[in-house]
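Student: How should I go about reading the features of a model such as this one?

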Amino acid sequence: MIDHQWIGCAPVNFRPGRPFGSKAEAIVIHCMDGTLAGTDAWFRDPAARVSAHYGVGVDGRIHQYVSEDDTAFHAGIVVNPTAAMVLSRPSVNPNFYTIGIEHEGFADDKWPDAQLSTSPALVGGIAQRWEIPLDEDHVIRHHQIRFLKSCPGNVITIVDILGRVPPAAPVVSPAVTSVKTISSLRLRGGAPSLTAPVVRTIPSQTVVEVSTVFLGDTVNGNNKWYSDGTGNFLWAGGTDQP
């Protein structure tokens, strides 16, 4: 996974897991109509009742708000859709089977080079993890779900994005698939953060299966956290693989 920073969002702005056995089958491209900092604040506001999985800044920074395994509230309102996948399942909320990526800026903005490089790399990584075909039926504009939305804007096209997706890296086992705690360690639910709720305390010298590494709260100079693949996180500095 390419470098990104975990930001998180208010608990009422997303749904843990994906209902009815759903999984990510498509990627929806959005435009923030604002700044990355403003989107960070909005998604953390319980009054928003909206979110996306990622945000990409004009400088190429990637912020993550919701785990890919969870349901973000980014494309649930369907109005005059044109996307084939949405038309084929009219009674299913698109949030249940999509991953949403917001982009800093406004509808008439030209994406800077950094954003135009980072976003396709993010799209490619998501597509590889979830085995999503890289075509215009599976990487879609928000406008194709909710007609009155201009997302992702009037300049960028899906063809532009797909044409810049880097070649997929070989699918290999992660370098670290399990770690051993070197002290008692709190497993946090929902976010790699000291403010996230404690799911349980893992005793010292316990082997824990892990998957992705996230950047989260810094503890003793280390901001790396392991995900257990079920939406829980443990601080890497408390393991034998910090």
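Tutor: Start with the elements: helices (H or I, at least four residues) and strands (E, at least two) are DSSP runs, numbered from the N terminus. The model is predicted, so local features need pLDDT of at least 70 and side-chain atom pairs count only at pLDDT 80 or more, while totals for chains, interfaces and linings use all residues. Residues are numbered from 1 along each chain as its sequence is written, and side-chain values use heavy atoms, with hydrogens and water left out.

Student: How much space lies in the second largest pocket?

Tutor: Rolling a probe the size of a water molecule over the atoms shows where empty space is left. A pocket is an open set of points on a 1 Å grid over the protein atoms alone, where a 1.4 Å probe fits and protein lies on both sides within 12 Å along at least five of seven lines; lining residues have an atom within 4 Å of a point. Points are joined across faces, edges and corners, and the volume is the space filled by probe spheres set on them. Here the second largest pocket holds about 420 Å³.

Student: Which residues lie nearest the centre of that pocket, and which element gives the largest share of the lining?

Tutor: The lining has 22 residues, and those nearest the centre are His30, His74, Glu102, His142 and Lys149. Helix H1 (residues 36–43) supplies the largest share, three residues. By class, the lining comprises 10 nonpolar, seven polar and five charged residues (Ala, Val, Leu, Ile, Met, Phe, Trp, Tyr, Cys and Pro are nonpolar, Asp, Glu, Lys and Arg charged, the others, Gly among them, polar).

Student: In what order do the strands of the six-stranded sheet come?

Tutor: Two strands pair if DSSP finds at least two bridges between them. This open sheet runs E1-E5-E4-E7-E3-E8, with mixed pairing. Its edges are strand E1 (5–6) and strand E8 (139–141), each pairing on one side only. Strand E3 (residues 26–29) is parallel to E7 and joined to E7 by four bridges, with Ile27 partnered by Ile99. Strand E4 (residues 54–56) also pairs with E7 in the parallel sense, over three bridges, and there Val56 is partnered by His103.

Student: What is the strand order in the sheet of five strands?

Tutor: That open sheet has the order E11-E10-E15-E14-E13, and its pairing is antiparallel. Strand E11 (198–202) and strand E13 (213–219) are at the edges with a single partner strand each, so one side of each has no neighbour in the sheet. On average, neighbouring strands of this sheet are turned by 35° against each other, direction ignored (axes are lines fitted to C-alpha atoms, for helices over the stretch in contact, and angles run from 0 to 180 degrees between N-to-C directions). E13 and strand E14 (residues 222–227) share four bridges in the antiparallel sense, and Val213 stands opposite Tyr226 in E14.

Student: How many disulfides are there?

Tutor: A disulfide is a pair of cysteine sulfur atoms within 2.5 Å, and by this rule the count is zero. For Cys9, the closest cysteine sulfur is in Cys151, 17 Å away and too far for a bond. The sulfur of Cys151 is 5.8 Å from its closest cysteine sulfur, that of Cys31, which is again too far. Cys9 is buried at 15% relative accessible area, and Cys151 is buried at 6%.

Student: What joins Cys151 and Pro152, and which residue has a positive phi of about 60°?

Tutor: Backbone torsions answer both. Cys151 and Pro152 are joined by a cis peptide bond with omega of about 5°, and Pro152 lies in the loop between E8 and helix H4 (158–163). Arg49 has the positive phi of about 60°, although it is not a glycine. Arg49 sits in the loop between H1 and E4 and is exposed, at 53% relative accessible area. Gln205, also not a glycine, has a positive phi near 65° and lies in the loop between E11 and strand E12 (207–209).

Conventions. Buried means under 20% relative accessible area, exposed over 50%, partly exposed in between (1.4 Å probe, protein chains only).
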